[in-house]
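Open your viewer and get ready to select a few regions one after another.

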Amino acid sequence: MRVLGRFGRILGWAAAHVLGLAALVLAGAWVWWQPEPQARGTETNALWARHQWVGEPHSDAEYRALGELLKENRITDVFFHAGPFEADGTVPEAKYGYARQLLAAVHEYAPGVRAQAYLGQIRVVDGKGVIDLDDPAVRARVLRTDATFLDLGFDGIHYDFEPIYPDDRAFLALMDATRELTRSKGKLVSVALEQQTLLDAGQPVYKALLPRTGKFHYPPRPTQDFLRAVADRADQVAIMTYDVSLPTRSLAGWHFARHTRTTLELIGDRTTVFMGVPTYRPLMDWAEDLPGALRGVRRGVEDLKRPPRRPYGVGVYADWTTSPAEWSRYRATWLPRATGSFGG
């Protein structure tokens, strides 16, 4: 009984210690979060847009309203969902039957805005998934599909393959080939990636202990080396910073601030960066929302020692979940107070 009692006391002290540390972290995050950041946002921003824009007819009034929304919110790049890829690397023409009308409308009502074809699929990993990028024949068909969209008039190709692990040489080979294609046509290649790892040194442990498929799996996040490698192959990199799953606004804000600072420090001189911010309702929507995400990004920008050499901004996910009130808040808290010039 004495042993059990001693063990119980040890557990009690350990629990109290952990709770105390948690309380300190929460309190510290809350204090850090209080001052309003002084940094403002930019005029280089992106928007993920729903498939219906390329797949369904729209009226002239709808196209005109889209153009006004893009101009008012200083969106420079729109990723119009145009896929997904089939397993063989193709996209059936019926899926994007109204792409030409859309592109003509964007050029008329939002001149200068780049319309990119948003294409992706679940990547085959350990035998599970849809598209096998390790197969050179599949990658070749992906490139032919890309060329079709560029010839339609899209200004670029935006990839969103998931999951992408930091040892994915086939994905880097696809990026090399896509960059060669887009540059030959005077177009862009952009890519959406998960947020960085918290600790690159932990990757061997993840690989040793966790599978890449299943409910509990090795998280597919880029290491610093992999993110630099992708940035060197892309004109733009969009970081999917959302789905934070942290329980308080201050902790979620810290997440956005940290990833903004570290990402811009790492690749902001190499490529245009968009930090993804959510307008959908995530798992912990009381802690993660658009205003908190934008404030966190601004805090991360404020913590930079110097601005990046390349343009940067936010990527809003997504057009079909963003309310007029959220666009208003975005303009009030993110866009520069005085109109500036930020290329993309």
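Which residues of helix 4 are buried? Select Ala99, Leu102, Leu103, Ala105, Val106 and Tyr109: these are the buried residues of helix 4. Here buried means under 20% relative accessible area, exposed means over 50%, and partly exposed is in between (1.4 Å probe, protein chains only). Helices (H or I, at least four residues) and strands (E, at least two) are DSSP runs, numbered from the N terminus.

Before you go on, note that this is a predicted model, in which local features need pLDDT of at least 70 and side-chain atom pairs count only at pLDDT 80 or more, while totals for chains, interfaces and linings use all residues. Residues are numbered from 1 along each chain as its sequence is written, and side-chain values use heavy atoms, leaving out hydrogens and water.

**Around helix 4**

The buried residues of helix 4 are the six you selected, Ala99 through Tyr109 among them. They lie on the same side of helix 4 because they cover an arc of only 160° around the axis, the arc being that of the directions from the helix axis to the C-beta atoms. An α-helix has 3.6 residues a turn, so residues three or four places apart point the same way. Now select Arg100 and Glu108, exposed residues on the face turned away from the buried side of helix 4. To see what covers the buried residues, show helix 2 (52-55), helix 3 (60-72), strand 2, strand 3 (114-122) and helix 5 (136-152), which are included in that cover; contact means heavy atoms within 4.5 Å.

**The barrel**

Next, show the strands: 8 of them form a closed barrel in the order 1-2-3-4-5-6-7-8, with parallel pairing. Two strands pair if DSSP finds at least two bridges between them. For a close-up, pick strand 6 and strand 7 (residues 272-278), which run parallel and are joined by 4 bridges. Gln236 has Thr272 in strand 7 as its bridge partner.

Go to the loop between strand 2 (77-81) and helix 4 (99-109), where you will find Pro84. The peptide bond from Gly83 to Pro84 is cis, with omega near 5°. Another cis peptide bond runs from Tyr317 to Ala318, with omega near 15°; Ala318 sits in the loop between strand 8 (312-317) and helix 11 (324-333).

Finish at Asp243, in the loop between strand 6 (236-240) and helix 9 (249-267). Asp243 is not a glycine, yet its phi is positive, near 60°.
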